[in-house]
Amino acid sequence: MNTKKKGPAAKAAGSNKRPLLVSLRYYKGFYLMFLPVLAFAIVFNYLPMFGIRYAFYSYKGIKEPVFVGLAHFEKMMKMSGFWNAFGNTITLSVVKLLLNTFTAVALSLMLNEMKSATFKKITQTIVYLPHFMSWVVTASVFTLILSPTSAGLVNSILIKLGILKEGIYFLADKSWWRTMFYGINVWKDTGWGTIIFIATLSGINPELYEAAAMDGAGRWNKLRFITMPALNNTIITVLILNLAKVMNLFESVFVMQNDAVIQVSDVLHTYIYTQTFNSGALPDYGYTTAVGLTASLVGCVFVMVCNKASHKVRGRGIV
Amino acid sequence: MRVKKMLAAGMAVTMAASVALSGCSSSAKTGADATSAGAITESGSSTGESKAENEIKKPDKITIMVNSTVTTKANNRDAFEKRWEELTGIDLEIIQPDHDAYFDVLGQSFASGPENWPDVIILNGSYYTGYAEEGALWDMTEAWENSELKASGRVTGEDVIEATKIDGKLYGFPDARRGGCLTYVKKKWLDNCGLEAPTTYEEYLNMLKAFTEGDPDGNGINGDTYGVSASGLMGAKGGDPSSNYLPEFYQDAQPNFVRGEDGIWYDGFTKENFKGALERLRDAYSKGYIDKESLTNGTKDCRNKFYEDKFGVFTYWAGTWASNLKNNLEANGKDGELIPLKPIKEVGTYEEGTAPVWAITSACENPEGVFKYFIESMLDGGDMQMLWSYGVEDVHWSTKAETVLDKTYAAGEFHTRESLEQPGTQYTKQHLDPTLAIATWENDPGKDTVKEEAKVSQKIFNENCHQAIIIPSTEVMATYNGDLTTLKNSIVADVVVQGLSIDAAYERFEKEGGAEWSKLIVDSLNELGSSK
């Protein structure tokens, strides 16, 4: 076994002198290629972060910002609209995330069991398609399907079956809106979510199934003792990665929201939108930045907690 | 380990840089703030000094920032600019961001300091009051009072100018009316039901009942139509009064802040007449007279349903839209004859929204000159008004013998040309809508091209409207009005769509802080009024 170390790390380990410079020189080609990526990240990801400071200023876009310390955060804590939006964001995001993940896993398992490759590919294409529809189009289509009038497909079927006497205004009824929201999200994103799980499933060594079959394992036991353990890591990784985005809910809610359901649908980013464009006065960008910063921090905390939990449960995290 | 150290060091440097840059930036801008405040004060003080006409100096250059309501680059803005410079001998610089990004770019220009402010900008709604409140606009009251335009007696829209004043001061000039919505009724439907155009709420409601329960479209089926549709129950998002699509139900009630005849501000939502409006809306909605989908309708949805003969009463824009509605109904094989209603007795007058304005920034070095040579000249009744209305000869309009799209024009016949930006359509205006301009224009070459139904509906609206008042911007309003508006909209929807009782609705208003925010805003408005 060749244990001879050739890289700069080995040389550095020996001499213990300026390892960074040595490393830079040795891998200069790679660093050079990395430069555009680094520049892009600095310009578009890090420099905009300086805008965070406006959370501590009063700023209406005309006069210079005035430092107000934590005043925006104090106001935020007192506003019922903020807490309502905060609660809705967590509820809608987390339920949506769990539903989407588990329906994607279920669908992946079903697709994995399909024997006909052609049928499997056709099914996959069909379930991927909704992902490519914009939320505006999706909302328009479902507004029509769920219309309370005779034009609404769902209501007209329910009325004809005698289940309902009068159509339900699904998208303007507080008791129905969230169900519809979750349903539409599952319809739109489940197919796309299966890609990563199907990739994992196709990587499972078939010999494991053959060995299990020889040991007398049926479909259920193969699923329980081979497939699911193999999928666990992917499920946790997907959950943690998506958790980072839970506070960013906006477009899907905004296009389906209306005045009647604002109490159950207003999320932090639609709240920011209202504060900016609906106040009848020049908005204080400081306040909306403070709300946005809070959302980002909460998202960050979620990821760290989940990563920690992953460490405890699996012995390793992903971050 | 080394990587961790590097990461830690990187984070520390980033945070330190953030704090340092924030601090630097803050102190630098404080300095700039003092400068800008000084500039504003100096400029503002000059407004009090009325200059005689002969003292007004012609500017060498004027910089304007406009949205796409002015001739766009795609529509050959260069030709427009060249013609304007020919007419005035002044160098004109036009900054025209994308329409949707206009207020963002404008805000960025203002934030970068007075030295970067354009001389003239277009503003509307809360941006106008907000910029004025922040001291960013030049007070043009004196300039207007002493202008040749005012003295000419050609101005027909002095009420529009008065309505644009903030605490008696004019910070922006509306070259045209905002226009507004009136109620159209399908004549054939009225005839089929044996009804006359309604003049009272009772008659209006009877008409809606007949349209909902009867067979107004004559297809032999009762009850497959409804009375009226709207996009939202409180007008378009944001509650612009000029787009209140259900005025017959609201009547004299206002969901927003109103200044009484005694000059005292109050919140219309908290008044008894608003509760009456909510009851009327709830009653009509529960009976199916109002489109069940009103909450989720966009204005385009309403128009399409109207063209498909799903309902018969539509409150929509007066003027050109009267022709559009008629044409689209006919294109759909329906009867296109519409009756533009005068406001019913309980409504009194329709409300006309606050017009967009041309404002001069307080950083402008020669505001009197800019007012005279740029703003006032737009309504000169001659070449300049022609330019702002129809654009440049042989670019946007022509009198040559030619065929434009499917229409052939004889030599000497005025006509607009095919749009460069939207091929397949003819230009209707470049910036100034001649039917809405606030000054008479005897020689308007396009006055005969306006369709009769458009003229009639605009005339009825103009004769039966009042100007919406401008609500000043206050700090308290900026703080609470977003939440308050959301709460009000939600309560109205609860009452009308979910059938919540009025008492329960106002209990919710109280419980969720609406009453308190409303009082704080009203107090701030009254305080603002008394301090000036």
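Start at B:Asp444, which in this predicted model sits in the loop of chain B that runs between strand E15 (415–416) and helix H16 (452–463). What B:Asp444 does have is a polar contact of 2.8 Å, side chain to side chain, with B:Tyr390. B:Tyr390 turns up again once you set aside neighbours within four places in sequence: B:Asp444 is then in contact with B:Tyr390 and B:Pro434.

Now step back to where chain B meets chain A. Here 50 residues of chain B are in contact with 40 residues of chain A, and about 4100 Å² is buried between the two chains, with carbon and sulfur atoms giving 54% of that area.

As for specific pairings, two salt bridges link chain B and chain A. One of them joins A:Lys174 to B:Asp494, with the closest N and O atoms 2.9 Å apart. Eleven residue pairs are in polar contact across the two chains, counting pairs with both residues at pLDDT 80 or more.

Which elements of chain B give two or more residues to the side that touches chain A? They are helix H1 (2–46), helix H3 (102–111), helix H4 (125–133) and helix H17 (475–496). H17(B) supplies the largest share, 14 residues. By type, this side of chain B divides into 17 nonpolar, 21 polar and twelve charged residues.

Technical notes: Residues are numbered from 1 along each chain as its sequence is written. Chains are lettered from A and ligands numbered from 1 in the order in which they are written. This is a predicted model: local features need pLDDT of at least 70, side-chain atom pairs count only at pLDDT 80 or more; totals for chains, interfaces and linings use all residues. Side-chain values use heavy atoms; hydrogens and water are left out. Helices (H or I, at least four residues) and strands (E, at least two) are DSSP runs, numbered from the N terminus. A polar contact is a pair of N or O atoms within 3.5 Å; within protein, one must be able to donate a hydrogen and the other to accept it, and residues adjacent in sequence count only if both atoms are side-chain atoms. Contact means heavy atoms within 4.5 Å. Buried area is the accessible area (1.4 Å probe) that two parts lose on being put together, summed over both. A salt bridge is a side-chain nitrogen of Lys or Arg within 4 Å of a carboxyl oxygen of Asp or Glu. Ala, Val, Leu, Ile, Met, Phe, Trp, Tyr, Cys and Pro count as nonpolar, Asp, Glu, Lys and Arg as charged, and the others, Gly among them, as polar.
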